[in-house]
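Welcome! Please take a look at the structure shown here, and then read on for a short tour.

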Amino acid sequence: MSRFIPVDRQTDYLLPPSVDEWLPDGHLARFVVDVVEQLDLSALTRRYAGRGSKAHHPAVLLNLLVYGYATGVVSSRKIERATYDSVAFRYLAANTHPDHDTLATFRRRFLPELEQLFVQVLLLAREMKLLTLGTIALDGTKLNANASKHKALSYGHAKKLEAQFKAEVKALTQRAASADKDDAADGMDIPAEIARREARLEAIAVAKTKIEARAKEREAAEKAAYQEKVARRDAQRKTGKKPRGRDPEPPTGGPRDKDQVNLTDPQSRIMPVTGKGFDQCYNAQAAVDTDSMLVTHTHVTQATNDKQQVMPLLTALARLPAPLAKPDHLLADTGYFSAANVQACHDHRIKPLIAMKRDVHHPPVLERFAADPPTPASKEPVEQMAHHLKTQAGRALYALRKHTVEPVFGIIKHVMGFRQVSLRGLENVSGEWRLVTMAWNIKRMHRLAAG
């Protein structure tokens, strides 16, 4: 006869089981609890009035959200279910069961406070000697919005619908006023049909107003860029140099027929995505420490282009507390290059290594091991950076970018499963992205601390 371990699901415990015994030592859930216990949550606890029934402590709810995002359980309903089904979630919740409304409200309510908690986690990583902040790599990734691109309305289509609905309202009004309206109506509720079209006309007017406002912002930016190009070409002519290419065309103002707004999440934008054409997205930015792969800064933008995203990073780095020293180097791909960005890094005493053109894959071996070019006589920041990128040390430092920030995005999207935001609106999406990256940081700290 085979000998098997007895299976008995009926015998009661002689003593109540301890929640602390449910998880093995070194489990991620234990580390999440240890980290959250060291955070100052007074900004959260002060928001509770103390009236009504007892509330779940913010530490418990934060534990559940951080561990949920770190393990790919983002939905508040799934987290609530996991407090019954999962040993790790039961441990985090101390054998309580916050419902999904409580979790969703907590996440939405305290998104602004997450910025300080994010910094506290970085300070803790610094104390644990896991974060150095010597060199950081900046990059962006597209996150799918909680809205379908098929719910977008273009300016050209809006004008067509507006003309159609106005014509239909006029026709229906004339039909209602005709002498034989009872026979002609043929069961049609004319007042309801008119009201429906007038409501759609109001929605179209709001959408057109938003598109026109965005067009004005774009026109101001294009006008400034045009004036900068003209001034640069005039300066070249004064020095006797002939500008290359044609003179720039002045920008045309006003909205274009292809300009559009999403009716579900108006603050999201249509953006190009890898291998799929275009989708309704947000552009999520992150700066990652090259030594620890911890995210040191995040922000979300509606801009498809990354060229304007260096200044928000530099501004945020200047606000970091003293223990988090400024980085020495900033690595970024060619999408971030501009003379203004290089100068801004120089002004903040950070050495930039921003690619000035696309890298050539598999360069010739003699080029890879060529001697460093002579140092330029000019102290102009762009020329100094261009020289640094051609040196052996500069190429080795810039190469860190590809296996620093891009793997972090890959893990967040394909391991943690966060490809689409749950919330809507730029401010809410920014807070959720900060929560995701804080969960990644704690997960990464757990791995680094374990050795």
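How many disulfides does the count come to?

## Cysteines

This is a predicted model, and its count of disulfides comes to zero. A disulfide would need a pair of cysteine sulfur atoms within 2.5 Å.

Next, find helix H12 (residues 339–347) and helix H14 (residues 381–390), which pack with their axes 9 Å apart at an angle of about 90 degrees. That angle makes H12 roughly perpendicular to H14. On the H12 side, Ala 339, Val 342, Gln 343 and His 346 make the contact, while H14 brings in Pro 381, Val 382 and Met 385. Five of these contact residues are nonpolar, two are polar and none is charged.

## Salt bridges

The whole structure holds 16 salt bridges. One of them joins the side chains of Glu 222 and Arg 256, at 3.1 Å from N to O. Glu 222 sits in helix H10 (residues 190–238) and Arg 256 in the loop between H10 and strand E3 (260–262), 34 residues apart. Glu 222 is partly exposed at 25% relative accessible area, and Arg 256 is partly exposed at 36%.

Arg 237, partly exposed at 41% relative accessibility, meets Asp 234 in a salt bridge (3.3 Å, N to O). Both lie in H10, three residues apart, about one turn of the helix. Arg 237 also meets Asp 247 in a salt bridge (2.9 Å, N to O); Asp 247 lies in the loop between H10 and E3, 10 residues apart from Arg 237.

Elsewhere, Asp 139, Asp 333, Arg 401 and Glu 406 are linked in a network of salt bridges.

Note on methods
Residues are numbered from 1 along each chain as its sequence is written. This is a predicted model: local features need pLDDT of at least 70, side-chain atom pairs count only at pLDDT 80 or more; totals for chains, interfaces and linings use all residues. Side-chain values use heavy atoms; hydrogens and water are left out. Axes are lines fitted to C-alpha atoms, for helices over the stretch in contact, and angles run from 0 to 180 degrees between N-to-C directions. Helices (H or I, at least four residues) and strands (E, at least two) are DSSP runs, numbered from the N terminus. Angles under 35 degrees count as roughly parallel, over 145 as roughly antiparallel, 65 to 115 as roughly perpendicular and the rest as oblique. Contact means heavy atoms within 4.5 Å. Ala, Val, Leu, Ile, Met, Phe, Trp, Tyr, Cys and Pro count as nonpolar, Asp, Glu, Lys and Arg as charged, and the others, Gly among them, as polar. A salt bridge is a side-chain nitrogen of Lys or Arg within 4 Å of a carboxyl oxygen of Asp or Glu. Buried means under 20% relative accessible area, exposed over 50%, partly exposed in between (1.4 Å probe, protein chains only).
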